[in-house]
Amino acid sequence: MERLPGFRDFYPEPLPNADAWSADARNHIFRAWRETARRYGFREYDGPPLESLELFTLKSGDEIVDQLFNFVDKGERAVAMRPEMTPTLARMIATSERAYKKPIKWFALPQLFRYEKQQKGRLREHFQLNCDIFGEADTAADAELIALLIDTLRALGLSSDDFVIRLSSRNAWQEFFAKRCADESKAYAFYQVIDKLARESAENSHARLAALGFSLDEVRAFIAAGEPTAELRSVLDSLTARGLGAFVQVDYNVIRGLAYYTGVVFEAFDKKGEFRAIAGGGRYNNLVKLISGGKVDLPALGFGMGDVVLLELIKSRGLLPKFTAGVDVVALVEDEALRPETLALVQRLREAGFAADFSLVPVKGDKQFKRALELGAAHTVRLERSPEGEVVARLKHLQTREEKVLAPDTVVAALGR
Ligand code: HAM
């Protein structure tokens, strides 16, 4: 039985083959995500992986709707696996925001599902750090969110030599659009063309823009000028004051594909341009209102950072640590008569918080020792009977090879707890 294309198995290290995905690397990323969100005062939430289809068809835009894993469930409901977290979060906020002081700062680590063509950096399932702020319209919130994005990447060892945040504004593009076209209903189609400029051929972009009444030259000139709007200037100033100015640059090539964005938008890319976007986000001030049927109106902003491109990037920069089983002590049972006493010692070690392991069934001593080395254990401990008939513990530090003989009930203390 093979797994489905675009889905992953995660194995503990050492990995069975070079293409396997590492559960240890995934945890390493999750730890950095949670730890950075905590430093910025964000609280963790979660939602269901399966939602009503309507939640996404109404708000996200055509591209993501084309990529949905959707079906009719046994209760005749049209449902979809979540392709992104933002509509779920907007729904949760719309129903419960009154219970929370503003600004609301929340994060989640959802697994998301998109039926898209499998390619480098894009799979049919991925994990995403989502960080969002509700109830603050000031650009101070945009700057805070981008600082969090930068620090999340820095927490994994990346620097301004490795990545850049391209900062843009739907407002700037909206103004550009409104000056030349009075038909607001064409705006989303226009944004879609801009979103794909870098990936599409010039002829295609030219034709699609012409159909909407725009010229590729005027679009290119606007991007090349890259004049920051007042809101972008204020975001840049706040980031510069934090010493994070080197991580951002204004780039109107970014507009974001999703339909709901309204103001400042941004994407994180590796500096060499080798990979797809690492993260993307921005303002979506109208989504909560839309989802609540007009009942709740809260300014909002957020970003999503995927684990796939991120792992490719930190791997390519040699920033992944070496992962071991993290075993503190392996208890060696050489004298089977002492197995009950060994079990008691292992139990004491575990209760004291140590990761302790041992061979479940009788195995030759040298094999047990080899296994301790493979597990990367810091210590081994072996019980033996002294010539006087007493049970003593031989505690060995595997790196220094230093050995101590001590009473079994002092092993925990000897290990420093
Ligand atoms: P997005 O740009 O669709 O935004 O996704 C954010 C990030 O998720 C991308 O930059 C990429 O790293 C990763 N990603 C997306 N699709 C895939 C895929 N098929 N395979 C692997 N990685 C992928 C959103 O989803 C917005 N909801 C983010 C947001 C949160 N905006 C406001 N709050």
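Is T36 buried or exposed? Select T36 in helix α1 (residues 23–39). At 0% relative accessibility, T36 counts as buried (buried means under 20% relative accessible area, exposed over 50%, partly exposed in between, with a 1.4 Å probe and protein chains only). Helices (H or I, at least four residues) and strands (E, at least two) are DSSP runs, numbered from the N terminus.

Before moving on, know that this is a predicted model, where local features need pLDDT of at least 70, side-chain atom pairs count only at pLDDT 80 or more, and totals for chains, interfaces and linings use all residues. Residues are numbered from 1 along each chain as its sequence is written, and side-chain values use heavy atoms, with hydrogens and water left out.

Now show the neighbours of T36. Leaving aside residues up to four places away in sequence, T36 touches L148, D151, T152 and A155. Contact means heavy atoms within 4.5 Å.

**The three-stranded sheet**

Select β4, β6 and β5. They form an open antiparallel sheet in the order β4-β6-β5. β4 (50–52) and β5 (70–72) are at the edges, each with a single partner strand, so one side of each has no neighbour in the sheet. The twist averages 35 degrees from one strand to the next. Angles run from 0 to 180 degrees between N-to-C directions, and axes are lines fitted to C-alpha atoms, for helices over the stretch in contact.

Zoom in on β4 and β6 (residues 78–81), which pair in the antiparallel sense over three bridges. Two strands pair if DSSP finds at least two bridges between them. Here S52 stands opposite V79.

Pick β15 (residues 329–332) and β17 (residues 379–385): they pair in the parallel sense over four bridges. L332 stands opposite R382 in β17.

**Backbone stops**

Select R401, in the loop between β18 and β19. R401 is not a glycine, yet its phi is positive, about 65 degrees. At 59% relative accessibility, R401 counts as exposed.

R256 sits in the loop between β11 (248–250) and β12 (264–270). Its phi is near 80 degrees. R256 counts as buried, at 11% relative accessibility.

Finish at P103, between α4 (86–96) and β7 (104–108). The peptide bond from K102 to P103 is cis, with omega near -5 degrees.
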